[in-house]
Amino acid sequence: INAEYMGKSINWMKPKIGPAPMEAEIPNEQPQKAIEKPAESLKFIKEGGAQIRLHIIKQCHDKTVEEHDVFYNPVQVLNRDLTVLVFRNYIDSLKSQQGDSFEGVTILDALSASGLRTIRFLKELSNVRRVYANDLSGNAINAIKDNLIANEIDMSKVELTQEDANVLMYRVGTGAEKTIKKFDIVDLDPYGSAVPFLEAGIQAVSEDGLLAATYTDLRVLSGPDVQKCFYLYGSSRARMTCHQENALRIVLHNMSQVANRHGKYITPV
């Protein structure tokens with residue numbers, strides 16, 4: 001093909017036209033199996049008046065796989081039962097003291113995880129005005145929503161927050177949070193020691209309020225590492241056989257010191 005561009009002759013080679021090349025033969029292969037999607041089912045656990053989704057069970061390739069959404073400790077069932085009992089007695093005491101002016105209590109479940117405590121409070125306690133369920137994990141918030149719906153909870157009595165527990169309690173305690181007043185009850189159920197949450201928790205609880213704290217670091221409180229115990233609690237265990245009582249006294253002493261720094265005092269229940 002000849003062409004002329006700006007006075008210059010340009011030649012293009014005309015492409016050869018011929019039969020299309022034969023495709024390479026593909027050896028016979030067995031057809032690929034379709035990817036098997038795992039069958040999912042939910043496992044629920046009942047505790048007290050609540051029923052929560054513990055984890056998802058997936059069946060795939062003749063194997064059962066369990067995926068946990070949030071942390072659940074079955075060893076602490078007694079702890080949660082006692083918590084509900086103490087809260088019930090405290091609410092009854094407030095009601096008898098305040099009489100007709102009593103409007104119910106507000107509870108902060110600062111580290112809600114699956115929402116089990118929140119659900120039990122709403123199902124097993126009376127005169128609860130509102131429960132604030134907080135957790136930093138997005139998976140935990142989704143699990144709480146699912147469990148609230150599964151238990152047919154009145155959502156007008158629940159407020160979900162997703163943020164650091166200390167930040168939330170500090171805002172409420174200092175008055176920076178205008179929409180939430182100090183809580184009548186603050187429940188701290190962390191993994192390990194509750195010491196990192198005491199400063200904020202004591203400030204966030206109302207006058208004559210109730211602060212519930214769970215400690216699962218008994219090895220620190222009554223174990224051989226006295227230096228770590230002193231570092232966390234400002235006290236070291238004594239060499240005595242009643243190590244659990246000694247651990248409880250260390251916890252109460254530490255809580256009393258934190259409360260005193262904010263012009264408050266504690267009364268053990």
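Q: A crossing is right-handed if the near helix is turned clockwise from the far one by less than a right angle, and left-handed if anticlockwise. Which hand does helix 5 show as it passes helix 8?
A: This is a predicted model, where local features need pLDDT of at least 70 and side-chain atom pairs count only at pLDDT 80 or more, while totals for chains, interfaces and linings use all residues. Helices (H or I, at least four residues) and strands (E, at least two) are DSSP runs numbered from the N terminus. Where helix 5 passes helix 8, the crossing is right-handed.

Q: At what angle do helix 5 and helix 8 pack?
A: Residues are numbered from 1 along each chain as its sequence is written, and side-chain values use heavy atoms, without hydrogens and water. Axes are lines fitted to C-alpha atoms, for helices over the stretch in contact, with angles from 0 to 180 degrees between N-to-C directions. Helix 5 spans residues 195-204, and its axis lies 9 Å from that of helix 8. The packing angle is about 35°.

Q: How many charged residues does the contact of helix 5 with helix 8 have?
A: Contact means heavy atoms within 4.5 Å. Helix 5 brings Val-195, Leu-198, Glu-199 and Ile-202, and helix 8 brings Asn-254, Met-255, Val-258, Ala-259 and Arg-261. Ala, Val, Leu, Ile, Met, Phe, Trp, Tyr, Cys and Pro count as nonpolar; Asp, Glu, Lys and Arg as charged; the others, Gly among them, as polar. The contact has 6 nonpolar residues, 1 polar, and a charged count of 2.

Q: Which residues of helix 8 meet helix 7?
A: Helix 7 uses Cys-229, Leu-232 and Tyr-233. By class, the contact has 5 nonpolar, 2 polar and no charged residues. On helix 8, the partners are Ile-250, Val-251, Asn-254 and Gln-257.

Q: How does helix 1 lie relative to helix 2?
A: The axis of helix 1 comes within 11 Å of that of helix 2 (residues 116-124), and they cross at roughly 40°. The crossing is right-handed. The angle therefore makes helix 1, relative to helix 2, oblique.

Q: How many charged residues are in the contact of helix 1 with helix 2?
A: Helix 1 contributes Val-77, Asn-79, Arg-80, Asp-81, Thr-83, Val-84, Phe-87 and Arg-88. Helix 2 answers with Leu-116, Arg-117, Arg-120, Phe-121 and Glu-124. The contact has 5 nonpolar and 2 polar residues, and its charged count is 6.

Q: What is the phi of Ala-113?
A: Most residues other than glycine have a negative phi. Ala-113 sits in the loop between strand 6 (105-109) and helix 2. Although Ala-113 is not a glycine, its phi is positive, at about 60°.

Methods. Parallel < 35°, antiparallel > 145°, perpendicular 65-115°, else oblique.
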